[in-house]
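Student: I would like to learn how to read a structure like this one. Where do we begin?

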Amino acid sequence: MKQNLKNPDSYVFLLIDLQERNGEMSLTGFFQFIFKMISEILGDQYVPASAIDDARDEIKCYEIFKRIVTNTDKNGLKLILLFDEFGTITGSSQFEPDFFSFLRSIANNHECAYITTSRQKLQKLCRNSNVSESPFFNIFTPVPLGQFDRKEALSLIFTPSSNAGIKFFDEDAEFILSIAGHHPLFIQMACAALFDYKAHNQERSAKVNYDEVKTSFLTEAFEQFEQIWLDEDDKEREVLSSIATGTEINNQQQYIIRELLRKGYIIDEPPMLFSEAFSDFVLSKNPSLASSAKTEKQVKGRSSFSDFVNRIFRRS
């Protein structure tokens, strides 16, 4: 990242993983957490030790944060807050419209910016219209991440494992792409499963038991597959099911295809689900469709894997 920035040493990045915070975070807890992170990176000159103790009401939190960004401005620093799973905030009753107005004002008047990640557009994750209609969201430029191209996917497969001392081969890469597609999250999950297998089997035969690795991958990936399914509306699920079964997509569904492409859940020309594993997961949600003649032809040679998904992961 630094090579793409002018004066990179002037940027202060804070990664805030909201999903890792236990329970529902309060507004004061949110700011106390940020103050502590800034203090650890920049020191007491920006966040005195007393500031965290003083941040016990909303007004104090706003005052302290404004004082911090004023000081970073004076010292030529740019504060960049990276919020992972920001929907945790927009969907919480602990954060009222005034909170988002405050953040917008800070970004507009100081060298402070926000980068957020979420599965869905932030407005869709808001708990009510008072939050979703806040002008706070106008300061963002949505950037769909989508899928990697093949070169990027192979780099993600080979480089980290090599750096960690475990070599992946071409057949390993093709296996990973078959179950994870070019989706970066699932590539990392598949690589982790294969890495752990190789790390624990270095004294055995060099031949990899890919079924064992696949089982390990699915154990981790299923929760993410399930969340994708829950996040989609009925029309999107219908299209995912149609693609998995090879059913023709009608013209009225083309806008849904574009949205699923944007999210990285399908690949184009012709539309296909992003991986074999996700396709079988979708089929496991539609057992009546999976048993049709057309589906049987499409998944020929993979029925045992589909049975595995149904047997192990079907939840009522």
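Predicted model: local features only at pLDDT ≥ 70, side-chain atom pairs only at ≥ 80, totals over all residues.

Student: What volume does the largest pocket have?

Tutor: The general idea is that rolling a probe the size of a water molecule over the atoms shows where empty space is left. Here the largest pocket has a volume of about 1,600 Å³.

Student: Which residues lie nearest the centre of the largest pocket?

Tutor: The lining has 42 residues, and those nearest the centre are Thr-116, Thr-117, Ser-118, Arg-119 and Gln-120. The elements that give two or more residues to this lining are helix 4 (87–90), strand 3, helix 9 (184–200), helix 10 (210–231) and helix 12 (254–263).

Student: How should I read the sheet, and in what order do its strands stand?

Tutor: Strands of a sheet pair through backbone hydrogen bonds, either parallel or antiparallel. In this model, 3 strands make an open sheet, ordered 1-2-3, with parallel pairing. Strand 1 (11–17) and strand 3 (112–117) are at the edges; each has a single partner strand, so one side of each lacks a neighbour in the sheet. On average, and with direction ignored, neighbouring strands of this sheet are turned by 15 degrees against each other.

Student: Over how many bridges do strand 2 and strand 3 pair?

Tutor: Strand 2 (residues 78–84) pairs with strand 3 in the parallel sense over 6 bridges. Leu-82 stands opposite Ile-115 in strand 3.

Student: Which strands does helix 1 touch?

Tutor: Helix 1 (residues 27–42) packs on the sheet and touches strand 1 and strand 2. The direction of helix 1 makes about 140 degrees with that of strand 1.

Student: How many disulfides does a search of the whole structure find?

Tutor: A disulfide is a covalent bond between the sulfur atoms of two cysteines. The search finds 0 disulfides.

Student: Where do Asn-7 and Glu-85 lie?

Tutor: Asn-7 is in the segment before strand 1, and Glu-85 is in the loop between strand 2 and helix 4. Phi is near 55 degrees for Asn-7, a positive value in a residue other than glycine. For Glu-85, phi is near 60 degrees, also positive in a residue other than glycine.

Student: Is Asn-7 buried or exposed?

Tutor: Asn-7 has a relative accessible area of 52%, and exposed means over 50%, so Asn-7 is exposed. Glu-85, at 21% relative accessibility, counts as partly exposed.

Terms used
Residues numbered from 1 in each chain as written. Heavy atoms only, no water. Pairing = 2+ DSSP bridges. Helix = DSSP H or I, 4+ residues; strand = E, 2+ residues; numbered from the N terminus. Axes fitted to C-alpha atoms, helices over the stretch in contact; angles between N-to-C directions. Contact = heavy atoms within 4.5 Å. Disulfide = S-S within 2.5 Å. 1 Å grid on protein atoms, 1.4 Å probe; cavity = no way out; pocket = protein on both sides within 12 Å on 5 of 7 lines; lining within 4 Å. Points joined across faces, edges and corners; volume = space filled by probe spheres on them. Buried < 20%, exposed > 50% of the residue type's maximum accessible area, 1.4 Å probe, protein only.
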